[in-house]
Amino acid sequence: MCPDSLDIDGQTPPPLHELEEEVMEEIWRRHEVSVREVMKALNVRASKARAYTTYMTIMARLDSKGLLERRREGKTDFYRPVYTRDRYTDLRALGAIESVVDQFGEVALAHIARQMAQLDPEHRRSLQRLARKQ
Amino acid sequence: MPANSRLSHRHVFTLALALGIGGLLLATAAVTTAIASVHHGSTDSRPVLVAGIHFTYPNLNFAAALLLALATTGATSIILGLRGSWRQLGSYRSLVDQIRVVEPLDKDPRVTVIADPLPQAFCAGYLHPRVYVSRRTVELLTKAELDAVLAHEHHHRRVRDPLRLAYARILSRALFFVPVLRSLSERYAEVAELSADHAAVRASAGEVAPLASALLAFDESGPPGAKGISPERVDALLGEPIDWRLPSLRLAASLGLLSGMGTLIWLISGAASAHATFNLPILSSQPCVIVLMTMVLLVVGVCIFGRPARRFEAFGTQLRRRIIDARS
């Protein structure tokens with residue numbers, strides 16, 4: 001496959017950093033939430049409670065990154081995810097250049113599926129036949 | 001396939017180990033012999049006048065010149081080896097820093113679950129290797145498939161494959177005068193997977209299906225255009241004999257080169273110590289030559305190890321990204 005056919009269409013959503021991911025996980029679970037709801041849910045589990053402003057900043061950042069959608073109701077902002085969790089994972093997988101393991105290709109590690117060769121259609125069919133023999 | 005692949009697993013690595021140690025010993029011998037044959041004395045060096053400045057150049061015989069060439073080769077190998085090891089350690093540390101650990105795997109705490117958008121399963125670490133799987137892997141695979149994958153990775157962990165792979169890779173680049181090392185290093189990487197696959201099938205009570213369907217899952221969701229499962233692994237799972245022969249010509253050439261170098265060093269060292277009338281350029285009695293050489297070496301060192309090299313690499317990465325962006 002030549003590099004031209006790489007599916008990079010500018011739609012790859014940005015990666016999530018540590019706290020962003022915790023927040024997104026909570027939002028994916030609840031669908032639409034306010035900052036206060038996220039704070040309450042995460043601070044119960046966290047070893048050290050974080051301030052309201054921290055969550056507010058992170059959710060505003062996720063909104064500007066295009067991962068959340070904001071809806072204002074009175075004085076409260078409600079956020080909902082732009083992608084479902086599965087859709088996000090799929091889109092990220094398409095832009096797989098961001099994968100940590102691929103970034104460090106020069107590290108000697110034993111990876112189950114990163115050899116120098118590629119399966120030809122015939123071998124792929126053989127592997128599919130083997131996989132069905134349960 | 002099993003007995004066959006396990007046999008070559010052991011042999012390929014033992015051969016690479018022996019050749020690597022042999023090559024390193026020779027490289028060290030060349031350097032130490034050259035240093036030992038240096039007899040410092042200003043009377044032995046010859047003066048030369050360049051643009052009004054007095055320089056000296058070493059007075060060396062043919063044997064000494066040959067020994068110097070061998071020593072340069074040896075020193076280059078040693079430096080390449082050290083640089084390779086340093087880089088491996090450095091990039092492994094960065095990998096560990098950047099990996100986001102989610103949790104240990106519930107049913108097997110020796111396995112670390114990491115956040116990664118792709119299905120990943122690998123073994124990393126040199127002295128105490130660990131098995132890593134991405135959360136995507138855990139979500140994607142059935143229990144039987146995951147068990148097969150974990151058995152595969154635990155096999156890598158038990159035999160310390162990351163260390164072996166690093167060793168083979170570093171030495172195959174450092175000992176460029178042993179051409180067979182590169183083939184052996186690449187072969188070891190393949191054979192390590194075959195052996196781990198064999199261990200996975202054994203752990204699934206001889207069933208090939210769980211591993212086969214797990215491999216398909218990894219192969220299908222890998223990054224587009226990336227390399228993946230080698231056809232040879234499918235052949236091995238099908239029970240077909242593995243068709244790999246030792247590159248005997250390259251092995252013979254490598255052994256010839258190594259023994260030739262060894263003999264040469266031994267013979268020349270005798271001749272050089274008998275005459276003992278040369279100075280290495282660095283040890284020339286002219287102090288400014290020493291200063292100049294040190295400065296040149298420093299610049300070379302900084303370019304190889306230091307920032308300019310890293311900046312240059314970063315520039316390359318940036319350029320590649322821009323090209324990809326421009327294309328889309």
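Visitor: Where in chain B does pLDDT stay under 50?
Guide: This is a predicted model. In chain B, pLDDT stays under 50 over residues 1-7. The model has 15 contacts beyond four places in sequence for residues 1-7 of chain B. Residues 274-288 of chain B also fall below 50. That stretch has 39 contacts beyond near neighbours in sequence.

Visitor: How should I treat such parts?
Guide: Where pLDDT is low, the predicted coordinates should not be read in detail.

Visitor: Which helices of chain B mark the lowest and highest confidence?
Guide: Helix α11 (residues 307-327) of chain B is lowest, with a mean of 59. Helix α4 (residues 143-158) of chain B is highest, at 95. Chain B averages 80, and 72% of its residues score at least 70.

Visitor: And what are ipTM and pTM?
Guide: ipTM is 0.71 and pTM is 0.66.

Visitor: Switching to sheets. What is the strand order in the open sheet?
Guide: β4(A)-β5(B)-β6(B)-β4(B)-β3(B), with mixed pairing. The edges are β4 (110-111) of chain A and β3 (100-105) of chain B.

Visitor: How many bridges join β4 to β6 in chain B?
Guide: Four, and the two strands run parallel. Val113(B), for one, has Val133(B) in β6(B) as its bridge partner.

Visitor: Now helices. At what angle do α2 and α3 of chain A pack?
Guide: About 120°, with axes 9 Å apart. α2(A) and α3(A) are therefore oblique to each other. Their crossing is right-handed.

Visitor: Which residues meet there?
Guide: Val35(A), Val38(A) and Met39(A) in α2(A) meet Tyr52(A), Tyr55(A), Met56(A) and Met59(A) in α3(A). By class, that contact has seven nonpolar residues, no polar and no charged.

Note on methods:
Residues are numbered from 1 along each chain as its sequence is written. Chains are lettered from A and ligands numbered from 1 in the order in which they are written. This is a predicted model: local features need pLDDT of at least 70, side-chain atom pairs count only at pLDDT 80 or more; totals for chains, interfaces and linings use all residues. Axes are lines fitted to C-alpha atoms, for helices over the stretch in contact, and angles run from 0 to 180 degrees between N-to-C directions. Angles under 35 degrees count as roughly parallel, over 145 as roughly antiparallel, 65 to 115 as roughly perpendicular and the rest as oblique. A crossing is left-handed if the near helix is turned anticlockwise from the far one by less than a right angle, and right-handed if clockwise. Two residues are in contact if their C-beta atoms, placed from the backbone, lie within 7 Å. Ala, Val, Leu, Ile, Met, Phe, Trp, Tyr, Cys and Pro count as nonpolar, Asp, Glu, Lys and Arg as charged, and the others, Gly among them, as polar. Two strands pair if DSSP finds at least two bridges between them. pLDDT is the predictor's confidence in each residue, from 0 to 100.
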